[in-house]
Amino acid sequence: MLFYKLFKDKDGRKVGFVQANEACIEAALLAGMRFFAGYPITPSSEMASVSSEKLPMYGGKFIQMEDEIAAMTAVCGASMAGLKAMTATSGPGFSLKQEAIGYAAMNEIPCVIVNVQRAGPSTGLPTQVSQGDVMQARWGTHGDHPIIVLSPSTVVETADLTFDAFNLAEKYRTPVILLMDETLAHMREKITLPAENELKLVERKRATVPPSDYRSFDTRFGDVPPFEPYGGKYHFHITGLTHDEMGFPIVEPDDVVKAMDRIHRKINNNLDDIVKVKQFQTDDAEILLVSFGTPVRTCLGAMEIGRKEGLKIGVLQLQTIWPFPDKAVLNLAKKIGKIFVVELNMGQIINEVQRASQGKSNIKGINKYDGLFISPDEILSHILESKG
Amino acid sequence: MMENIIHDYLRPKKSFPHVWCPGCGDGIVLNAMVRAIHSLGKSKDEVVFVSGIGCSSRAPAYTDFSSLHGIHGRALPFATGIKLANPKLTVVVFSGDGDALAIGGNHFIHACRRNIDITVVVINNNIYGMTGGQASPTMPTGAYGATAPYGNLDRPFDVCKLAAAAGANYVARATAFQFFQLEKCIKEGIEKKGFSVIEAVTPCPSLYSFFNNTGRGVDMLKKLRDRAVTTQKAATLSPAELEDKIVTGVFANENFREYCAGYAELVEKAERSKKNEESL
């Protein structure tokens, strides 16, 4: 049962007035997502519902698994069988998925995980907004691991970053987390999806060597190993154990370091491709608001109102939050003396802003964690308060 | 004389030795599984061998099938993702008693209920071997282990009763001593459309024996031979006579609709809806 309708415009683009949860799945389908495994949880459940209805129409597979862990592991399996795969969840479910996310990072399994953030800890406020999972998205699974996390602020951006998430997952053979929040998930906005011929889709690099020469994690062609799916001439092994290029367990210290360095290097050497930010009126700004996700909208509102009252506010939106946009933050910290970090938690990303800005700017947090969304007035009153 | 085909199925580039202790039953079960696949004439290309964590879960690394050594307890959801993504594949899972029934117990019953065409061999040695001999969900009440120094309080699961009750299409049990019966059960399980569970009862002469004084591998195999009774024989025995017995044979052989086949039917309905959508 769908609660939205899409219409085609004169150029063949699908247009609709949809929630971000719906937009995400519509974009994922265009991005080539053909497997969704899910488990019911507020406020992400619509994604499973839409997938269950739409995927069979597109030759894809939807499965409701017995729990969150099973959903994440099924996604890993399906991706290894060659399908672009995703799952969606929220706080408690995101906690449960962590071990399997680490497995995907370790075995370089392309996949997309959506976490629609709700207030925690524990069951918290299931129907209310939060951005409390910023650090969990980075460090939720155990061990040093590479990860990419994107955070959209509008319904349109949800679709855009969903395309990016699938493309980055395929390009770098890595799990990518789309970090949304409850306010965005259930917000309706007009969206125009790109026509199929307008899409720039990335597919995972395939092997060029004969089966006898194939290695599960071949490093001869760069840091991202070519991928072959299960079911074919290429026979290979994967394991969550620290492994060599063949996928077999290793314990030699030098080999371990080599393996660990490579899976991090493939992300860290490509930050310019992966890390995206947006700047709004930062050229003449004297006050910088740094934010991500839905509160960016509020920051833009505060900027507009503030500027009318003579406050030269600029906004830095972090679309990619992990790897953290160190360069963009440092550049702005060097020229803007006052930074406010706006987030719907008790202060998580602010620590990264402080680290990246290397003491070049005066940094304060504007935090809200009462389950409600933040208003421009709240931001402005914080700014005015600190002015004294 | 039995033809030894195992060498044709070992991974050419994997360095041995394997991790299993002398007298372990895991190699016997692996050999039975390989022979079952061989006798079905399956190409290695179409097989995916999946496992979780534990001694027996190391098996997929050794054979020349594509394979996935997963995370503890989750072999079945990994396998479910693979099978649903590509239903043409033959997916075989190895999972120990702890992997399949404790940490993976929920996945186990739901895989039975879903009845997806996967064959799982539950290698049951009644103990956690890899972690040092802790009590497992099939350890007999009163037996000793690293976490049961005063004797195990829990009652053991009956793997086959559990699987049959949860809706698996094929359920069978054999011991590591009954090699040909084991091979036949695995073969029937793979042939069966739907979820198949084969419980292979194996000896752990390292840790189970260390805590319970059950002798060496050969002693334990002989004990399995002596304890095994067929389902037909079991029907004639009293509960007291059955106390220490291992009932072997087939416990379920059903033809409930297989999940991927059901999905294919669902796609037809969805395609009709798509036509409505496209006519907008």
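How many bridges join strand S3 (residues 33–38) of chain A to S5(A), and do they run parallel or antiparallel? Three bridges join them, and the two strands run parallel. Keep in mind that this is a predicted model.

**Strand S5 of chain A**

Let's stay with S5(A), which spans residues 84–90.

What about burial? Seven of the seven residues of S5(A) are buried, so the strand is largely enclosed by the rest of the structure. Both of its faces are covered: A:Lys84, A:Met86, A:Ala88 and A:Ser90 are buried on one side, and A:Ala85, A:Thr87 and A:Thr89 are buried on the other.

Here are the strand pairings of chain A, side by side:

| Strand pair | Sense | Bridges |
|---|---|---|
| S3(A) and S5(A) | parallel | three |
| S12(A) and S14(A) | antiparallel | four |

**The five-stranded sheet**

Further along chain A, five strands make an open sheet with mixed pairing, in the order S12-S14-S13-S16-S17. Its edges are strand S12 (277–280) and strand S17 (362–367), each of which pairs on one side only. From one strand to the next, the twist averages 20°. S12(A) pairs with strand S14 (residues 313–318) in the antiparallel sense, and A:Phe280 has A:Val315 in S14(A) as its bridge partner. Helix H11 (residues 326–335) of chain A packs on this sheet, touching S12, S13 (287–291), S14 and S16 (338–343), and its direction makes about 165° with that of S14(A).

**A:Thr239 and its link to chain B**

A:Thr239 sits in strand S11 (residues 237–239) of chain A. This threonine is buried, with a relative accessible area of 0%. The side chain of A:Thr239 makes a polar contact with the side chain of B:His69, at 2.6 Å. Beyond its neighbours within four places in sequence, A:Thr239 also touches A:Tyr103, A:Met106, A:Asn107 and A:Gly247.

**The largest pocket**

The largest pocket has a volume of about 980 Å³. It is lined by 33 residues, with B:Arg227, B:Glu243, B:Asp244, B:Lys245 and B:Ile246 lying nearest its centre. Which element gives the most to this lining? That's H8(B), with five residues. Other elements that give two or more residues include helix H5 (159–166), strand S8 (196–201) and strand S10 (246–253) of chain B.

Notes:
Residues are numbered from 1 along each chain as its sequence is written. Chains are lettered from A and ligands numbered from 1 in the order in which they are written. This is a predicted model: local features need pLDDT of at least 70, side-chain atom pairs count only at pLDDT 80 or more; totals for chains, interfaces and linings use all residues. Side-chain values use heavy atoms; hydrogens and water are left out. Two strands pair if DSSP finds at least two bridges between them. Axes are lines fitted to C-alpha atoms, for helices over the stretch in contact, and angles run from 0 to 180 degrees between N-to-C directions. Contact means heavy atoms within 4.5 Å. Buried means under 20% relative accessible area, exposed over 50%, partly exposed in between (1.4 Å probe, protein chains only). A polar contact is a pair of N or O atoms within 3.5 Å; within protein, one must be able to donate a hydrogen and the other to accept it, and residues adjacent in sequence count only if both atoms are side-chain atoms. On a 1 Å grid over the protein atoms alone, a cavity is a set of points where a 1.4 Å probe fits but cannot get out, and a pocket is an open set with protein on both sides within 12 Å along at least five of seven lines; lining residues have an atom within 4 Å of a point. Grid points are joined across faces, edges and corners, and a volume is the space filled by probe spheres set on the points.
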